[in-house]
Every structure is written in C-alpha cells, then in structure tokens.
Amino acid sequence: SIFSDNIRFLRNKRNLSQQGAADHLGISRVRYSKYEDGRSEPPFDVLVKISKEMKCIFWFAKVHFLKMG
C-alpha cells in the first residue's frame with residue numbers, strides 16, 4: 001500500500017531499524033512491521049505518532065480519518 005511504502009521509506013531515510021522505529025513510537029516491532037508490510041493499519045493515535053516521529057506532513061492522519069468517516 002502507499003502508506004506502508006511511505007513509512008518504510010521514511011524509516012530508512014532516518015536510518016532506523018524497525019525495532020528503532022517501534023521503540024520511538026512505543027509499540028512492539030511486530031506491530032510496527034505489520035504496518036510496514038501492509039498487514040494492518042495503525043489506529044489514529046499511532047498514526048499521529050508516526051506523523052510526528054517521521055516528521056512528515058500530517059495528511060496521513062487526515063486521509064486515514066476520511067477513510068473511516
């Protein structure tokens with residue numbers, strides 16, 4: 001998915017391992033890898049954390065919110 005490709009790209013750009021990214025977000029590596037592999041979508045609060053941690057535009061959260069509504 002576009003989302004999973006984007007978070008993988010952003011993580012690699014910051015030279016983080018999946019474990020490092022998960023630690024920054026306060027989630028398990030297994031949970032984070034599911035987001036990156038497209039097997040799961042993060043809840044809104046984790047999506048906000050990802051946006052802040054990866055220093056990306058907040059539009060991810062808005063798109064996610066619009067999909068739900």
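This is a predicted model: local features need pLDDT of at least 70, side-chain atom pairs count only at pLDDT 80 or more; totals for chains, interfaces and linings use all residues.

Student: In which loop is Asn15 found?

Tutor: Asn15 is found in the loop between H1 and H2. Residues are numbered from 1 along each chain as its sequence is written, and side-chain values use heavy atoms, with hydrogens and water left out.

Let's start with the backbone. Phi of Asn15 is near 55°, which is positive even though the residue is not a glycine. Most residues other than glycine have a negative phi. Asn15 counts as exposed because its relative accessibility is 72% (exposed is over 50%, buried under 20% and partly exposed in between, with a 1.4 Å probe and protein chains only).

Now follow the chain out of the loop on both sides. Helix H1 covers residues 2-13 and helix H2 covers 18-25 (helices are DSSP runs of H or I with at least four residues, strands are runs of E with at least two, and numbering goes from the N terminus). In H2, the buried residues are Gln18, Gly20, Ala21, Ala22 and Leu25, and they pack against H1, H3 and H4. Just after H2 comes Gly26, with a positive phi of about 75°.

Phe3, Ser4, Ile7, Arg8 and Arg11 of H1 touch Tyr32, Tyr35 and Glu36 of H3 (contact is heavy atoms within 4.5 Å). By class, 4 nonpolar, 1 polar and 3 charged residues make up this contact (Ala, Val, Leu, Ile, Met, Phe, Trp, Tyr, Cys and Pro are nonpolar, Asp, Glu, Lys and Arg are charged, and the others, Gly among them, are polar). The axes of H1 and H3 come within 7 Å and cross at roughly 120° (axes are lines fitted to C-alpha atoms, for helices over the stretch in contact, with angles from 0 to 180 degrees between N-to-C directions). H1 is therefore oblique to H3 (under 35 degrees is roughly parallel, over 145 roughly antiparallel, 65 to 115 roughly perpendicular, and the rest oblique).

Some of these residues also belong to the largest nonpolar core, which has 15 members; Phe3, Ile7, Ile27, Tyr32, Tyr35, Ile50 and Met54 touch the most other members (such a core joins buried Ala, Val, Leu, Ile, Met, Phe, Trp, Tyr and Cys residues through side-chain atoms within 4.5 Å). H1, H2, H3 and H4 each give two or more residues to this core. In H4, which spans 44-53, Val46, Leu47, Val48, Ile50, Ser51 and Glu53 are buried.

After H4 there is another positive phi, at Lys55, near 55°. Lys55 is found in the loop between H4 and helix H5 (59-68), and it counts as exposed because its relative accessibility is 67%. Lys55 and Arg14 are 41 residues apart in sequence, but their C-alpha atoms are 9.9 Å apart in space.

Finally, step back to the whole chain. The chain has 5 helices and 0 strands, and 41% of its 69 residues count as buried. Among contacts with a separation of 6 or more, residues 24 or more positions apart account for 44%.
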